[in-house]
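Thanks for coming. I will go through one model this morning, a few sites and then the whole. Please have the sequence and the structure open.

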Amino acid sequence: MLVFLLWASLFLSSLQEQNGVLLSGPQNVSVNYDLKDQRISVTWEDDPSSSRVPDKLIYDVEVLLTVNMTEVHSEAVDVRQALASRKYHWSWTSALPLECTSHSVRLRSRYQNYTSQWSPLLTITGWHIYTHTQASTHPQVFPKSSVVQVDSNFTFCCILGPGQRLEYMKYNNILMNTTHIIDQSYAMVVHMQSPSPPSCINVYCNSPLYGTCVYVGYPPGDRNLVCETRDLESVECHWDTGRATNLTKQRMTRYDLNGRTVSNCYQTVRVDQGERNWTLTARNPLGTLELRDTADLKKRAPMEVLASGVNASVQWQWERPQYHILLMVCQVQLNHSGHIDRNFSGIGLRSVVLHGLAPAQTYTVQVCCGLKQHFWKWGDWSEGSTFKTEEDTPSDATSQALWKGCQKKPLTVNQSHGQIKDYEVTWGRQETILHPPQNDFLISDRSTDEGHRVTVTAKNSAGSSLPSIIIIPRLPHRSKSSMKIVGSDGGFNLSWSASPNSSCGYVVDWCPTHKKCRVEWVKVPAGITRARIQSGKIFEEGVRYTLSIFACTPGAPELWERREGYVKECRKYPLF
């Protein structure tokens with residue numbers, strides 16, 4: 001029998017040596033703990049006398065409740081990543097507060113089917129041990145002042161002094177179920193359904209006087225980090241903070257930007273030019289979050305400008321000289337009865353000339369800019385600058401706008417191009433000057449049958465308009481017969497035969513037959529021999545009107561045909 005055992009031992013030794021394995025247990029094992037995080041940390045080393053460590057070595061770690069050696073956690077630790085140092089580290093967070101009862105830790109090494117002996121037990125002593133060695137006047141609740149995430153389960157324990165009896169444990173004044181752990185130690189598990197109020201939630205045992213406080217909230221939820229520059233010398237980083245963590249000021253989220261502590265979600269720091277990585281670390285007791293952004297800040301440069309306007313020219317100044325050598329794109333927004341956007345670009349762009357603005361008008365202008373080559377986004381709008389364009393001579397359209405019918409009408413702002421000072425009216429060898437607001441003039445000199453050539457010129461501070469010309473035809477021969485016409489719907493549908501003398505269309509005028517009046521008229525284009533005549537002053541019922549059709553010629557208009565009739569006849573006015 002002795003010979004067989006000796007042979008088996010020699011065989012096993014031969015097998016281990018054949019595989020190059022010299023398996024021994026972990027050495028220099030040490031255990032530390034952190035009551036704030038309820039974490040156990042273990043460090044150990046390989047046996048320094050071992051000739052070689054297998055490349056698939058595993059360490060088994062066990063955590064036990066010391067009082068009854070019940071296993072509460074076990075884990076196989078793969079140490080291949082740390083073989084070079086042959087020093088290893090492992091940690092574990094306990095759901096049961098470490099103060100509630102003592103915990104013991106042991107390790108062993110394992111390779112394939114071989115295991116070493118367990119290392120000696122290392123024990124973390126629970127608070128309950130001290131209740132046997134010293135008198136406690138009131139219960140103790142653990143852990144103290146914890147920070148817990150919403151929608152998680154969390155364990156509290158109550159440790160009673162000698163001779164004390166558990167009456168209840170409460171969370172937020174709610175009676176909870178408890179579990180006996182050992183001796184005078186009891187535990188309860190709470191599901192944290194909602195965040196705590198601005199202070200915290202009370203947890204107590206037997207009396208509200210004996211307990212602790214728990215803070216329930218969320219880890220950081222920040223997102224969307226963006227870093228950009230506005231002056232090519234510093235960077236602005238901003239991000240969204242996400243939902244509120246519901247933690248108190250002492251436990252609020254802290255931020256680091258590239259290792260520098262920052263205090264809020266909009267920070268400016270000095271930087272060098274060129275591409276850089278930006279890392280924001282958001283950290284509170286419930287977690288750590290990292291956000292990253294990579295950018296060449298020269299390609300993320302919305303520009304800030306200060307604009308001022310004079311007439312139709314807009315200038316602005318850059319705060320930083322670096323802008324003077326960059327290709328810029330700027331948007332100029334004009335506000336005048338609505339707004340119009342115009343884009344301009346250029347190296348170091350600092351001024352633009354705005355064409356096509358109306359004279360003597362008030363505009364408000366704003367400017368925003370960006371880099372054209374690597375456009376990131378528009379910068380902020382500058383403050384609005386208000387200016388008024390200079391007056392210009394009344395427009396070419398003035399010559400057509402001064403007359404409507406036989407009456408001169410006030411010019412619109414777009415036609416006058418400024419404040420009209422006076423009107424010059426000439427006919428024959430006579431001349432008169434009219435001052436606004438007068439806008440009509442009666443020519444009563446009809447001593448001959450000849451017509452009149454009448455001109456009207458508008459003047460403002462910038463000059464005079466082109467003359468507006470109208471030729472008043474000579475009086476028609478009384479022998480010219482009239483044809484009857486009947487009106488409809490408050491007007492007349494008029495048609496006539498074509499005149500061989502017409503070269504520029506026709507002119508139709510009308511007036512009550514038996515009254516003096518200011519003649520109204522309308523021009524009909526060449527080639528058209530019909531018109532709908534609708535009076536601007538409304539045709540009166542029972543009044544006979546004479547409508548004259550003139551052929552437009554290079555000289556004075558020539559009377560071509562004539563009509564007489566009523567828009568609606570009344571009995572007191574016989575037709576003929």
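Asn 258 is partly exposed because its relative accessible area is 35%; partly exposed lies between buried, under 20%, and exposed, over 50%, with a 1.4 Å probe and protein chains only. Asn 258 sits in the loop between strand E20 (254-257) and strand E21 (260-262), strands being DSSP runs of E of at least two residues and helices runs of H or I of at least four, both numbered from the N terminus. Asn 258 is not a glycine, yet its phi is positive, about 50°.

A word on the source. This is a predicted model, in which local features need pLDDT of at least 70 and side-chain atom pairs count only at pLDDT 80 or more, while totals for chains, interfaces and linings use all residues. Residues are numbered from 1 along each chain as its sequence is written, and side-chain values use heavy atoms, with hydrogens and water left out.

Gln 38 also has a positive phi, near 55°, in a residue other than glycine. Its place is the loop between strand E1 (27-34) and strand E2 (39-45). Is Gln 38 buried or exposed? Gln 38 counts as buried, because its relative accessibility is 6%.

Next, the second largest pocket. A pocket here is an open set of points on a 1 Å grid over the protein atoms alone, where a 1.4 Å probe fits, with protein on both sides within 12 Å along at least five of seven lines; lining residues have an atom within 4 Å of a point. The second largest pocket holds about 610 Å³ of space, the volume being what is filled by probe spheres set on the points, which are joined across faces, edges and corners. It is lined by 21 residues, and Lys 36, Asp 37, Ser 146, Val 147 and Pro 285 are the closest to its centre. Strand E10 (146-149) and strand E11 (153-159) are the elements that give two or more residues to this lining. E10 has the largest share, 4 residues.

The peptide bond joining Phe 142 and Pro 143 is cis, with omega about -5°.

Both of those residues touch Phe 156, as do Met 169, Tyr 186 and Thr 212, among others; contact means heavy atoms within 4.5 Å. Phe 156 belongs to the largest nonpolar core, of 20 residues, where Phe 156, Tyr 171, Met 192 and Val 214 touch the most other members. Such a core is a set of buried Ala, Val, Leu, Ile, Met, Phe, Trp, Tyr and Cys residues joined through side-chain atoms within 4.5 Å. Another core, of 18 residues, lies apart from it and includes Val 314 and Tyr 363.

Further along is Asp 509, in strand E41 (residues 506-512). Asp 509 counts as buried, because its relative accessibility is 16%. Its C-alpha atom is separated by 6.9 Å from that of Ile 549, 40 residues apart along the chain. Trp 521 and Phe 550 are among the residues that Asp 509 touches.

Last, the whole protein. It has 4 helices and 45 strands, and 43% of its 576 residues count as buried. Of the contacts between residues at least 6 apart in sequence, 61% join residues at least 24 apart.

Definitions and conventions:
Lists of a residue's contacts leave out its neighbours within four places in sequence.
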